[in-house]
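Keep the picture open as you read.

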Amino acid sequence: MNYTEKTKLIQTRAAALLEAGEVSYVLGWGATRFADKTRARFARSPEEAATLVYNEHCTQSLAKYLVDDRWPETRIAILARGCESRAINRMIRDNQIRRENLLILGLPCEGTDAERCRSCRAHDPVVYDELLWEPNSTGAAAAAELSRYYRADAVDALSAAEKKAYWDDVYARCIRCYACRNACPVCSCRECFVDMHRTGFQGKRHSATDNQTFGVTRAFHVGDRCIECGECERACPMGLPILAQTQKILKEIEALAGDYEQGLDAAQDNYLGAFDLDDKDDFM
Amino acid sequence: MGINEATTYEPKILAFCCNWCTYTGADLAGLNRMKYPANVRVVRVPCSGRVNPQFILRAFARGADGVMVCGCHPGDCHYTTGNYFTRRRFMLMKKVLEFNGIEPQRFHARWISGSEAAKFRDAVTEVAQVVKALGPAATKVTTQASSKAPASADIESSVQKEGAL
């Protein structure tokens, strides 16, 4: 099935739902004035449903919009691929959204043109009310071209001095716009430490060290709940490889505690929010 | 940089000590007149679980050359489970620091109980030695003197530093 047919299916189903008044709006993607870009689109009427699109340029994950509408009058329909569905699971676990408020239209995904999609191990949605077309026949893990931790592996291969130089270069370009924080679906504090200017959790001046303090802290806050959608990197206006930070955290958790993947169901604990009496403490 | 800093470099080490065990242990070390390097600055925290990984990052950014987190032995936490969370958190944090180009030898976590004054002394001595051998941390945020105009050589070096940052 090609993207034109898939788009048609989405439009038809969205129009039917809106016609019947089952949902207040359908959250999907719409065209922009650039052929190779799409953006989030909220279809509120059957006519607007005809403007939804679905193609390989739908790189944005839609799940974060759900926290902007926690108490909808009627349900929200959301188009969910693997990344959105895993984010939804994690957000339900974090009490950010409620499952009964959602109508999840599952889209088995083939990956977009974004680089991170080539490391994706969960193309098919893990939670949905209905699937719009057949799930992928091949196993998702087998389909991944890049390793799960491809960014972190690249940095891990560097020597200590090279790592320092690498991050100094990256964080010298960071403008601390906090887009990575805003885009992250599992980032959910009401008030963020970076907005608490008077407590001075971090410096205000532009310096690589302060930027790095922000970057590492952000990664640490979300790292053990990261569902690996790569929204942080997509949102970064400077194009920084910040997915490496959360990938590293997941990689180390896996080394310490075995298989670790978030968002697979809505009841998972996060690593740093729990403990085990037998945890390792080699260096303490 | 002070005049003699290059020749008589003494590292600054920040130690987060849990109120119930390590802080008491450090107190006991003092009562017993034990000698340990004066490089360590002790910050008392209610529990080692209070220590946010950001405290470590911030300490490095504000000029610490080494950071220690000390708490009760697993199973002995005054709050029953606090140090189990600490353990997970800092096992991970150590790797993250290394990943970010901060030498892992600058960060230490230790379990020191209220009666282990000698262990506190030994831990501080060891960390001071290790960090002194490493030299000043490169993570410090450089600040320019604001009150007086810097000499031209200083301007040039600070411009280079800004560029390097």
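Two helices of chain A, α3 (82-93) and α10 (243-257), each supply at least two residues of the lining of the largest cavity. Helices here are DSSP runs of H or I with at least four residues, strands are runs of E with at least two, and both are numbered from the N terminus. A cavity is a set of points on a 1 Å grid over the protein atoms alone where a 1.4 Å probe fits but cannot get out, and lining residues have an atom within 4 Å of a point. This is a predicted model, in which local features need pLDDT of at least 70, side-chain atom pairs count only at pLDDT 80 or more, and totals for chains, interfaces and linings use all residues. Residues are numbered from 1 along each chain as its sequence is written, chains are lettered from A and ligands numbered from 1 in the order in which they are written, and side-chain values use heavy atoms, without hydrogens and water.

How big is the largest cavity? Its volume is about 320 Å³, where a volume is the space filled by probe spheres set on the grid points, joined across faces, edges and corners. Of its 22 lining residues, A:Cys83, A:Arg116, A:Cys120, A:Glu228 and A:Cys229 are the closest to the centre. Helix α3(A) gives the most to this lining, with three residues. Why does the largest cavity lie between two domains? Domain 1 (3-143) and domain 2 (150-273) of chain A both give residues to its lining, so it lies between them; the domain bounds come from an automatic or database domain assignment.

The second largest cavity holds about 140 Å³ of space. Among its 18 lining residues, those nearest the centre are A:Cys174, A:Cys180, A:Phe214, A:Cys236 and A:Ile242. Here α8(A) gives the most, with four residues.

Now turn to chain B, where four strands form an open, parallel sheet in the order β2-β1-β3-β4; two strands pair if DSSP finds at least two bridges between them. Strands β2 (40-45) and β4 (107-111) of chain B stand at the edges with a single partner strand each, so one side of each is left without a neighbour in the sheet. Inside the sheet, β1 (residues 13-18) and β3 (residues 66-71) of chain B pair in the parallel sense over five bridges. In this pair, B:Ala15 stands opposite B:Met68.

Terms used. On a 1 Å grid over the protein atoms alone, a cavity is a set of points where a 1.4 Å probe fits but cannot get out, and a pocket is an open set with protein on both sides within 12 Å along at least five of seven lines; lining residues have an atom within 4 Å of a point.
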